[in-house]
Amino acid sequence: MLLSALAGVRHAAPPQGDGPLFGWWQDGDGAVAAAFVWTPPFLLALSSLPDGAEEELARLVAADSRTAANLMTDERSGRAFAAAWTEHTGLGTHTRLASRLFRLDALTPPHPEPRGRSRLATEADRPLLTDWYTAFTQEAGDMPADPKTFVDDRLAYSGWTLWEVDGRPVSMAGITRSVSGMARITPVYTPPGERGHGYGAAVTSAVSAAAQSSGTPDVLLFTDVTNPVSNRLYTRIGFRPVDDFVMLALDDRTQA
């Protein structure tokens, strides 16, 4: 997440509001042992925290006038930060989303494959992509970027793929830029009326195969831990779990 966020910053237009914020933690020997990237309006993406770093991070975030409302990290680091945040500020946190990171092992395309085929999205698909991206964020309860900016950025590097049946789009998948041999699939969306036919698995498989063919060995994605359908779907086509993550909202409701 940190690397893909940085790649997005390099290609983005200058921000109209708050710009990106970067930070790192050095151990007693001066070695960098943790880092974070925050690109408003997205959440603050945080690497795993070594013991003790959570207290310094809580002070740093609390002191910044642009305090991030949401933070994402691995479960252990999330618990440590939440405790330090509450102790330092007297404010609470609550979990907005529990996620699981998957990495593609050996791609196993759906069999039998559903009707249709994949194709790269084009400028002509912009209205559809914008509508579907907006619907995805509303359904997922995510913090959306400006839909037009998000869609246009990915169109610029062929980062959208559609699955269509008889020339009609029925599902979509986006992918981040490839950075250090890694790319992350997000979002994957199938409209409610088209679900249950395997289109989401098919378009994800197509995007994964294209990424690996273009020289990106590590294809990643996050799932909602509470959604057994998506977790089974990605496991069937070759994704394997890496670690569990948590998205924390920093709020004023002190948790018991």
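1. In this predicted model, R195 and E139 are joined by a salt bridge with an N to O distance of 3.0 Å. R195 sits in the loop between β9 (182-189) and α6 (199-213), whereas E139 belongs to helix α4 (residues 126-140), so the pair ties together parts that are 56 residues apart in sequence. R195 is partly exposed, its relative accessible area being 36%.

2. Salt bridges with shared partners also link R117, R119, D125 and E164 into one network. Over the whole structure, the search finds 14 salt bridges.

3. A salt bridge between two loops connects D166 and R115 (2.7 Å, N to O). D166 lies in the loop between β7 (160-165) and β8 (168-175), and R115 in the loop between β5 (92-104) and β6 (117-120); the pair therefore ties together parts that are 51 residues apart in sequence. D166 is exposed at 70% relative accessible area, and R115 likewise counts as exposed, at 53%.

4. Within helix α2, R59 and E56 are 3 residues apart, about one turn of the helix. Their salt bridge brings the closest N and O atoms to 2.6 Å. R59 is partly exposed at 38% relative accessibility, and E56 is partly exposed at 38%.

5. E54 is buried yet has no salt bridge, and the nearest side chain of opposite charge, R76, is 5.9 Å away. Salt bridges require a nitrogen to oxygen distance within 4 Å. The side chain of E54 instead reaches the backbone nitrogen of G52 at 3.2 Å. Beyond neighbours within four places in sequence, E54 contacts L49, A80, F81 and A84.

Terms used: Residues are numbered from 1 along each chain as its sequence is written. This is a predicted model: local features need pLDDT of at least 70, side-chain atom pairs count only at pLDDT 80 or more; totals for chains, interfaces and linings use all residues. Side-chain values use heavy atoms; hydrogens and water are left out. Buried means under 20% relative accessible area, exposed over 50%, partly exposed in between (1.4 Å probe, protein chains only). Lys and Arg count as positive and Asp and Glu as negative; His and the chain ends are not counted. A polar contact is a pair of N or O atoms within 3.5 Å; within protein, one must be able to donate a hydrogen and the other to accept it, and residues adjacent in sequence count only if both atoms are side-chain atoms. Contact means heavy atoms within 4.5 Å. Helices (H or I, at least four residues) and strands (E, at least two) are DSSP runs, numbered from the N terminus.
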